Amino acid sequence: MSKVRHVLGISGGKDSAALAIYMKTKYPSLDIEFYSCDTGKELDETYQLIKNLEVYLGIKIEMLQAAQNSSEDPFDHFLKMYGGYLPSSNSRWCTKKLKLDPFEKYVGTDLVISYVGIRGDEEREGYISTKKNIQSIFPFRKNIWSEDVIAKMLSNQNFDRLQSIANNIDFGRYQDKASQIISKKLDTSFTQNQKLNLLLDTDVKAFNHLVFKFLKTTEYPLANEESFALLNNEDVLIRDDIFRILEESGVGVPAYYKKIDFDINGKKGQYSRSRSGCFFCFFQQKIEWIWLYEQHPDLYKKAMEYEKDGYTWGQHESLEELIQPKRMAAIKEEYVKRMEKKSQNKSSYLVDILSDAEGEGCAACFI
Ligand code: SF4
């Protein structure tokens with residue numbers, strides 16, 4: 001059997017940091033390699049988080065950099081290659097060049113299990129790579145398997161194969177129920193997701209063993225492992241758990257999440273940054289740009305310097321326009337209103353309120 005590497009990417013965000021702590025603590029015998037893709041443009045708080053993790057876990061986090069032979073930071077190197085064309089949500093060359101390509105180079109053709117910190121309370125699927133030698137696992141979710149694995153296993157094409165494997169899996173008191181679910185083919189009134197959720201609701205451990213046995217009949221990396229430590233894992237971790245893990249370990253929540261008070265025309269508000277990634281990331285909200293301007297004016301100035309030849313970070317206004325006093329006040333006021341409305345509804349976490357679009361962006365940058 002070929003050797004399988006186990007890797008975990010640290011994006012600089014809270015979820016991947018918590019995942020590193022969780023995996024190292026819960027599965028100390030798994031030989032996990034930790035890495036981070038450095039764009040050269042992360043916030044100092046991100047580099048600090050990486051150092052804290054190295055100290056706490058007693059590990060070395062491999063810093064992967066694109067364009068290693070360049071005299072410039074990876075981002076600046078590629079920006080020049082793209083003729084100053086700033087990346088945007090519609091043209092995200094930065095994620096590919098600075099995160100995915102270095103990761104795929106690091107992995108090469110080795111068989112790899114990649115652990116990804118998508119939480120149990122998130123809907124998004126963590127796209128990392130479509131390469132066949134890389135298999136993603138999501139330890140924080142009830143369904144730890146990636147979408148492609150589930151689609152293959154539950155497809156009607158593999159119906160007979162799955163049924164014969166399932167006959168040798170112990171679903172305990174749910175044996176009959178599990179057989180009934182497995183023996184029902186997918187059609188327009190019975191979707192893959194319904195089948196998946198019904199099976200997960202029987203017995204998660206048995207379901208994981210079913211998937212593992214099925215994978216043995218495929219070319220997925222896990223087919224090369226005798227066993228897999230996470231098969232008996234029933235944990236589902238949500239946002240509260242992430243903050244708890246980071247705080248209890250002493251690693252701490254990345255400092256940019258810290259709420260900072262501001263006043264605007266007699267009203268009080270709080271802002272912070274909701275995600276890791278480059279300080280100029282185009283995914284940030286207007287209020288986060290203002291946070292950058294007021295909390296890291298040097299970085300805001302640097303972000304402004306990138307805006308030239310008609311290229312801007314935002315679609316409709318430049319960073320210079322965004323910090324005009326009237327415009328800043330309007331953004332803050334609108335944001336305070338939105339916060340008040342949202343805090344009446346559900347979460348008390350500022351990060352929740354800030355990151356309406358947490359699922360946006362890239363798993364490589366923001367987990
Ligand atoms: S953090 Fe934003 S700007 Fe940086 S690589 Fe990721 S998507 Fe691009």
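## How the helices pack

The buried residues of helix H5 pack against helix H6 (159-166), H8 and helix H9 (204-215). This is a predicted model, in which local features need pLDDT of at least 70, side-chain atom pairs count only at pLDDT 80 or more, and totals for chains, interfaces and linings use all residues. Residues are numbered from 1 along each chain as its sequence is written. Helices (H or I, at least four residues) and strands (E, at least two) are DSSP runs, numbered from the N terminus.

**Helix H5**

- Which residues of H5 (residues 147-154) are buried? They are Val149, Met153 and Leu154, where buried means that 20 or more other C-beta atoms, placed from the backbone, lie within 10 Å of the residue's own.
- Seen down the axis of H5, these residues fall within an arc of 110 degrees, so they line one face of the helix; the arc is that of the directions from the helix axis to the C-beta atoms.
- An α-helix has 3.6 residues a turn, so residues three or four places apart point the same way.

**H8 and its partners**

- Helix H7 (residues 175-182) packs with helix H8 (residues 192-202) at an angle of about 170 degrees, their axes 10 Å apart. Axes are lines fitted to C-alpha atoms, for helices over the stretch in contact, and angles run from 0 to 180 degrees between N-to-C directions.
- H7 and H8 are therefore roughly antiparallel (angles over 145 degrees; under 35 is roughly parallel, 65 to 115 roughly perpendicular, and the rest oblique).
- Lys177, Ala178 and Ile181 of H7 meet Lys195, Leu198, Leu199 and Thr202 of H8; residues are in contact if their C-beta atoms, placed from the backbone, lie within 7 Å.
- H8 and H9 pack at about 125 degrees, with axes 6 Å apart, which makes H8 oblique to H9.
- Here Leu199, Leu200 and Thr202 of H8 touch Val204, Ala206 and Phe207 of H9.

**H1 and H2**

- Helix H1 (residues 14-26) and helix H2 (residues 44-57) pack at about 5 degrees, with their axes 11 Å apart, so H1 is roughly parallel to H2.
- Their contact is formed by Ala17, Ala20, Ile21 and Lys24 of H1 with Leu49, Leu53 and Leu57 of H2.

**A loop residue**

- Gln68 sits in the loop between strand S3 (61-64) and helix H3 (74-81).
- Gln68 counts as exposed because it has 10 C-beta neighbours inside 10 Å (exposed means 12 or fewer).
- Gln68 and Pro102 are 34 residues apart in sequence, and 9.8 Å apart in space, C-alpha to C-alpha.

Conventions. Contact = placed C-beta atoms within 7 Å.
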